[in-house]
Structure formats: C-alpha cells, structure tokens
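Here is a short briefing on one structure. Keep the sequence and the 3D view open as you read.

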Amino acid sequence: MPEIRLDGLKKAYGHVTVIEDLNLQMEDSEFTVLVGPSGCGKSTTLRMIAGLETVSGGAILIDGKDVSQLEPKDRDLAMVFQDYALYPHMNVARNMSFALRLARYPKAEIDDRVKKVAAMLDLSPYLDRKPGELSGGQRQRVAMGRALVRDASTFLFDEPLSNLDAKLRGQMRAELALMRQRIRKNMIYVTHDQIEAMTLGDRIVVMRQGKIMQAGSPEDLYGQPQNMFVAGFIGSPPMNFLPVEVGDENGRITLVGSDLQLALSNAVAARLANHKSRSIILGVRPSHFIRDDAGSIDLQIALSEYIGAQSVLTSELCGRPVHVEVSALKPVRAGEQLRFSLNPDTIHLFDPETEAAL
Amino acid sequence: MSIQRASRLTPYVFLAPAAAVMAIALLYPVCYMIYASFLDWNPSQRIGEADWIGLRNYINLLSDESFHESFWVTLKFAALVVGAEMVIGVGLALILDRKLRGMSVLRTIFILPMMIAPIVVGLVWRYMYHPTVGLFNRTLADIGVSPVPWLSDGDWAFASVVIADVWQWTPFIFILSLAALQSLPQSALEASRIDGASGWQQIWHIKLPLMMPVLVVTGLLRLIDAFKVLEVILVLTNGGPGLSTEILALRISRTASEFRELGYAAAMANYLLILLMVLTLGMYFYNKVIEARAVRLRKAAAAAAAKEEGA
Ligand SMILES: Nc1ncnc2c1ncn2[C@@H]1O[C@H](COP(=O)(O)OP(=O)(O)O)[C@@H](O)[C@H]1O
Ligand SMILES: [Mg+2]
C-alpha cells in the first residue's frame, strides 16, 4: 500500500484561508484519524486528498508522486461519505458494483466480490433493495460495502458514523475496529468525536482552524499533549485547567493556587526553570485526583453524576470549576466535603500565553 | 358541534368563488360542446333548431381523410417538437449546470422566448422566413446558397413551424431540467466521480435516471400543450400549403367558421379532448405510482429500522 504525504497543503476560498500549510505523512497501511471541532477543515483536507476539492497550494504525494492535479478516479481511492451518498435509483448490489461495472470487470467477478463483501457486512438479504428501503445503519453499511468492493489502496471516511443514533454508532464503531484488523490498507478517517478517534486510530491528527495541533498515537496524545487544545480535546471528561503560581518552598519548586499547594518532583521542577514566580496553567485529568483522607486538596462537592463504574464529581478549585472522576463503589452525595491528593508525575503544565506544554 | 361543523365547511366557502368561475368558464362550455357534437348544427340556426343526429359526427370523422391527415400532422408535430425540445432543453441544462461567471445572465437570456406571446412569435418568425427579405434567405443569399421555400413548400413549412415551436418552448424544458439537476444529491455525484465515472457516465448513470420523474412530467405537459398549439401556426402558414401544417386546432376552427359545421367541429374537438384526457390521466397515474413507490420505500425503511431496534 502506498504512503501518502501532504506537503504544505493549502486551501483558500477567495480570501478566506481554510487550510494553511498542512504537513503530514501517513505511513503504509496506517489508520490515520483527523479529529477536531466542527469547521476546523477536516472535511476540506479529506476532500482535497480525494480530489473533490482543488488544491490552493502545496502538494499531495502518493508514493512520491504528486497527484494534486489528478481526477479522483485516477488516485485509486474509495470514500465513505457522511450522508452515505448512495445512488438512490440503484439497489444495494448495483450501488456496490457501480465502480466495478464502470471499470468493465467480468460479471462473474463482480458478483463474487459483491457477495463476499455483502456477507461480511450482513447485507446479503438486502441486495435487491433500494437505499430508500433500508434503515440508517444498513445504508451506512452499504456505503462501507461500496468502498470495500473497490479494493482501492486507500480508504477515506468523512464522519461515517455521525448520522447514526448513539447505540448504533457504538456498534458500528466496534465493527469498524474489527474490520480494520482484517483489512490492512491506508485509511484516513475524519471525525469530530474524540472517542472514535481514540478507539480507531493508529495515529491521530488533532486539527484546529486549519492547522495541525499535534499528531501521534492515541497514547501520545492522551499522555503527552503538546498544548492546551489537545489536552482539553482528548479525554472525557476533559482535563481541568487551573491557574497557579510557580513558588519556591524551602528550595523545592511548588505550585501554588488559591486553595492548592503541590510540591513537584525534581524532574518536573526542572522543566519550570525559566518560569520561577510566574503564572502557569496546571492541567489535571479528572481521573488523576486520588481520594485520600490525608490529602491536601479539600473539595466541596457541588454535583455528583453517577455514570456506572465511575462517578463524575463537580467542584471548585483555584476559582475554576473542576471535574473529578472517582470509583462509584463509594457513593458520593452532593454537598459532601472530600479530600484528594495528586501524584505530581501525572500532572501537565502549560504556558498561559502560548498554551504550549512546558 | 356547530363550531366544529362551521370550521369543517370553511375551506369550501373559500373554494366556492373559484368553483363558480370554473363551472361557468370551463364546465359549461365543455358540456355545451359535448351536446353540440351530437347535432347537425349550422351557425345560422339557434342550438334548439339543430337536428339531433346521435353519434353520426363521430362516425363520419373516422372515415374523413382530411381529419386523418390533420390528426396525423398534429401527432407528428407534437412528437417532433417535444422530442427535439426535450433533447435540446435537457442537453442545454446539462451543459449550463455549472458555476461560471455570467451564467445567470445567460440563463435569463435562454428563457426569454418563452415569455413572448405566441402571436408575436408567429409574426417574428414569419418575417424571418420571408422568401425575399427574411433574415434566413438573405443570409443564405449572402453566402451564395439558393433561397429556401420556408413557408411555401409543404415539407419545408412543416419544418419551419417545428423550428419556431422548438425555439419558443425549449426554454420551458431547460428551466425545469436545470432546477431538477440542481436539486440532485451532490454527494451521490461526488461518490460517482470517486467510483470512476466520466462526465458522460455521470449523466447517463446518475443524472438522467434521477431527473427522470421531472422529465416525464415535463414531457407530458409539453405534449399536452403541443396538441393544442394554434397561434404560431395560424400566423405562419394558416395550415398550408395544402394540409401540410394543418394541425387539429386549425382544422376545428376552419370546420366551424369556413365549412359552417358546428356539430362536426365539436365532435372533432372532443376527439382531441379525449386524447388530452388520456395524457393527463397518464401523468396523474405516473405521479401516483411515484408517490406509492416513495411510501413503500419509507415503510420498508421504517420496518428495517424497527427490526434493528429489536435486534
Ligand atoms: N465551499 C466553501 N466556501 C467557503 N467556505 C467553505 C466552503 N467549504 C467549507 N468552507 C469553510 O471551511 C471551513 C472548514 O470546513 P470543513 O472542512 O467542512 O470543516 P469540518 O469538516 O472540519 O467540520 C469552515 O469554516 C467552512 O465554513
Ligand atoms: Mg466535515
């Protein structure tokens, strides 16, 4: 399978620049997820790769060859659209076989491929139906099937699950993850849902306003976010950001907030050498608060949301609302006063001006 | 209860004026015409004095050579103009359905002919077809081609009226096709590009099939209209030379005014009416079939979704 590279890719509509200087390398048979808030340019990027949108600058290279001026059909890729984009007047079998019929494959081979893919996607009983006769989930699978039958070298997905209801979405996400293990192909998947991104991607590219904020494995993004945007975007409930000062307590670097004091380990403290007595942002994942009756963080619980194995507590710390995730084994009621501690090795630190990780 | 009844009657109250106008302006003349078609009626008689001759007018028409000729001319005319208009109108729509600068101006210019009164269209074309000073023959003379008997030769005259009608009514097909094209699902067209369809294949496999319901109805509407055409041909050729362009509407008017056979003309008009009724019913049932299919698809989709819920 080929390697895809975006080289200084740009897109502008008139004077409005939507994508600026996008550089990205997608390795052979990698599942890359483009994720970001709505309007950040994910679809535009994908559509430029597909050839549905012209490129305003830069290049798209597939195996080193610039394809940015080629027609979609000459790029050897298949795409699944958000609204499925099925051909309403063709039945499921003809929808799936359209590309093969255009390419004049022998009829026996077309039938064979369609049958195989239909069986894989549980669509065999519906081959004679028109898209209008199918449920949302079935239409979605037909759209997948139409892409799979092609056997193209690269698959593009533009929010393929976002039109499904929550239960079906979870189910399809799992099916996609399974399918992904069987089919080793280049896949580029666009979503605004960070859970989809985390469960499916080998590599996640977080975008914001047409720029890449960070690209890496799900573990990288969750464990070492390079900026506050990524830190806040990946993970649910999102990371808490608390304004603190860098203080010096008898030679030990300490973070000081209005109702918080946290002594840092030497390794972490070393990163703050240039920030002594300055304001910085402390980032704490809700699950990193440790219930500890001897802890120094004293929280008045305003709200306790039971979500199964966990409860999400809402409180206030350093003048900011904070979320804390605790095991639901010990029920917590709103109004309770609880103590927590933090492991200094699990915290994140950010520069308040550049929002970059320290 | 009386309030309920009043509110149920309200729509009919509002419909009443329109219904009254319809009854006077449409139903009355149609009934009059149907009654007249059973009479041997001469314009100098009052309708009460005319002889009742039953179906004789209808039977005589079946073996009337001139009526046959006229019927045939009408069929040929309708088929040719609607065929040509569909091909040109849909073709233009396919070509002009794109985002180019100045396209909206071009589209407006294209639909101008449709806005001109048919009598005026007839007069303009008659002038252009004029054997010596007309635009066409003068242009032909300029490039050294001998003049064409646009309106004085039977075959040429037929072609001339067809051309004038195509010029006037192609825009009708064009705007409806363009509207249909622009409401096609864009993502399905994009999907077909990715699936490898060329421009032609997109037109053939996606655009035309999806436009078909609109095209069928548009074509039927034009066909109904083409069977009733009168003014342009009246002005251009008045049915001649010979019977070469004498469409049914003209034949009916001549039978009534020139041959003074009102009952016979009424019977002829009724044959035309029956033909138009068949076309109208065809259109009606086509719409019903399309609707029924949509309902069936929705039901099946709902059933599929319900089954999925249960699973
Ligand atoms: N045809 C267009 N003309 C002008 N602006 C557009 C067009 N298409 C998209 N945009 C703009 O480009 C930005 C990115 O859009 P898109 O790629 O669809 O975002 P996403 O898929 O990440 O939600 C949006 O701000 C959108 O308004
Ligand atoms: Mg999008």
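The side chains of R46(B) and E49(B) form a salt bridge, with 3.9 Å from N to O. A salt bridge here is a side-chain nitrogen of Lys or Arg within 4 Å of a carboxyl oxygen of Asp or Glu. Note that this is a predicted model: local features need pLDDT of at least 70, side-chain atom pairs count only at pLDDT 80 or more, and totals for chains, interfaces and linings use all residues. Residues are numbered from 1 along each chain as its sequence is written, chains are lettered from A and ligands numbered from 1 in the order in which they are written, and side-chain values use heavy atoms, with hydrogens and water left out.

**Salt bridges**

- Side chains of opposite charge can pair when their charged atoms come close.
- Buried means under 20% relative accessible area, exposed means over 50%, and partly exposed lies in between (1.4 Å probe, protein chains only).
- Salt bridges with shared partners tie E85(B), D165(B), R222(B) and D225(B) into one network.
- In chain A, D202(A) and R180(A) meet through their side chains in a salt bridge of 2.9 Å, N to O. This pair links distant parts of the chain, 22 residues apart: D202(A) sits in the loop between α6 (194–200) and β9 (203–208) of chain A, and R180(A) sits in helix α5 (residues 166–182) of chain A.
- Over all chains, a search of the whole structure finds 22 salt bridges.

**Chain A as a whole**

- Chain A has nine helices and 21 strands. These are DSSP runs, numbered from the N terminus (helices: H or I, at least four residues; strands: E, at least two).
- Of its 358 residues, 53% count as buried.
- The C-alpha trace of chain A spans about 80 × 45 × 35 Å along its principal axes.
- The pLDDT of chain A averages 90, and 100% of the residues score at least 70. This score is the predictor's confidence in each residue, from 0 to 100.
- Where in chain A is confidence lowest? The answer is helix α9 (residues 266–270), with a mean of 82, whereas helix α2 (residues 92–102) is highest at 95.

**Ligand 1**

- The residues around ligand 1 include Y13(A), V18(A), S38(A) and T44(A). A residue is counted if one of its heavy atoms lies within 4 Å.
- Helix α1 (residues 42–50) of chain A gives the most to this shell, with three residues.
- Backbone atoms also face the ligand. An oxygen atom of ligand 1 is 2.6 Å from a polar backbone atom of G39(A), and one is 3.0 Å from a polar backbone atom of G41(A). A backbone N or O atom of K42(A) lies 2.9 Å from an oxygen atom of ligand 1.
- The protein covers 55% of the 560 Å² of accessible area that ligand 1 has on its own.

Terms used. A polar contact is a pair of N or O atoms within 3.5 Å; within protein, one must be able to donate a hydrogen and the other to accept it, and residues adjacent in sequence count only if both atoms are side-chain atoms. Accessible areas come from the Shrake-Rupley method with a 1.4 Å probe; for residues, only the protein chains shown count as cover.
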